[in-house]
Amino acid sequence: MPLTLQHKAFDAIDTTDHLLIRGLNALLRCSMLMQYDMFLEEATYALYVGLEASFALVRRRMLVEGYRNPSAYDAAAWIDAAFNFSHESRYRYFEDFYDDRIRALHPESRFGVFPFAPLAVDDCYYLFKNLREVYNFLIFGEVIDRPYV
């Protein structure tokens, strides 16, 4: 990371915001675990923490903007508007990844019983990219690339 970008990040991150720190920690942990194929499952689990933190951060931002009790559908619409992206139909905030999280973390769920975590390798890579863009927007207010929400 270029030193100027590093200083920009350090200046923009509120270290007293434990929710933000928890989400960023999940991204950092995932990026370290992704370096080794044998840890992709654990990397994805870390991202699920980052996903949950990002949802809470988006809801927090929405509350400040005057939304009352924003839902996962409202959060998805807010992200769509922030990234100038529209879906033909409305989804919950990162809906597919939430369903994948339930399948992976709950050995028995409404989706059935699985003897192992039913993850695909691209789950980790796509969710990491998506969350990186969401956190970039939440911290810097910048849109570099659009997430696939």
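This is a predicted model: local features need pLDDT of at least 70, side-chain atom pairs count only at pLDDT 80 or more; totals for chains, interfaces and linings use all residues.
Before the first residue, one definition: a helix here is a DSSP run of type H or I with at least four residues, and helices are numbered from the N terminus. With that in place, Ser54 belongs to helix H3, residues 40-64.

Where does the side chain of Ser54 reach? It goes to the backbone oxygen of Leu51, at 2.8 Å. If we set aside neighbours within four places in sequence, Ser54 is in contact with Tyr93, Leu131, Val134, Tyr135 and Leu138.

How many aromatic pairs does a search of the whole structure find? The search finds seven. One of them joins Phe83 and Phe137, with 5.3 Å between centres and 50° between planes, and that pair is tilted. Phe83 sits in the loop between helix H4 (72-82) and helix H5 (95-105), while Phe137 is in helix H6 (residues 121-140), so this pair ties together parts 54 residues apart in sequence.

Next, Tyr93 and Phe94. Their ring centres are 4.8 Å apart and the planes stand at 85°; edge-to-face means over 60 degrees, so this pair is edge-to-face. Tyr93 is buried at 1% relative accessibility, and Phe94 is buried at 1%. Both belong to one aromatic cluster, whose members are Phe55, Tyr93, Phe94, Phe97 and Tyr98.

Lys8 places its charged end over the ring of Phe140, 4.9 Å from the ring centre. Arg103 lies over the face of Phe111, and there the distance to the ring centre is 4.0 Å.

Last item, the second largest pocket. Its volume is about 150 Å³. Which residues line the second largest pocket? They are Ala12, Asp17, Leu20, Leu57, Arg60, Arg61, Leu138 and Ile139. H3 and H6 each supply at least two residues of the lining, and the largest share, three residues, comes from H3. H3 is also the helix that holds Ser54, which is where we started.

Definitions and conventions: Residues are numbered from 1 along each chain as its sequence is written. Side-chain values use heavy atoms; hydrogens and water are left out. Rings of Phe, Tyr and Trp (its six-membered ring) pair if their centres lie within 6.5 Å; planes under 30 degrees apart count as stacked, over 60 as edge-to-face and the rest as tilted. Buried means under 20% relative accessible area, exposed over 50%, partly exposed in between (1.4 Å probe, protein chains only). A charge sits over a ring if NZ of Lys or CZ of Arg is within 6 Å of the ring centre and within 35 degrees of the ring normal. A polar contact is a pair of N or O atoms within 3.5 Å; within protein, one must be able to donate a hydrogen and the other to accept it, and residues adjacent in sequence count only if both atoms are side-chain atoms. Contact means heavy atoms within 4.5 Å. On a 1 Å grid over the protein atoms alone, a cavity is a set of points where a 1.4 Å probe fits but cannot get out, and a pocket is an open set with protein on both sides within 12 Å along at least five of seven lines; lining residues have an atom within 4 Å of a point. Grid points are joined across faces, edges and corners, and a volume is the space filled by probe spheres set on the points.
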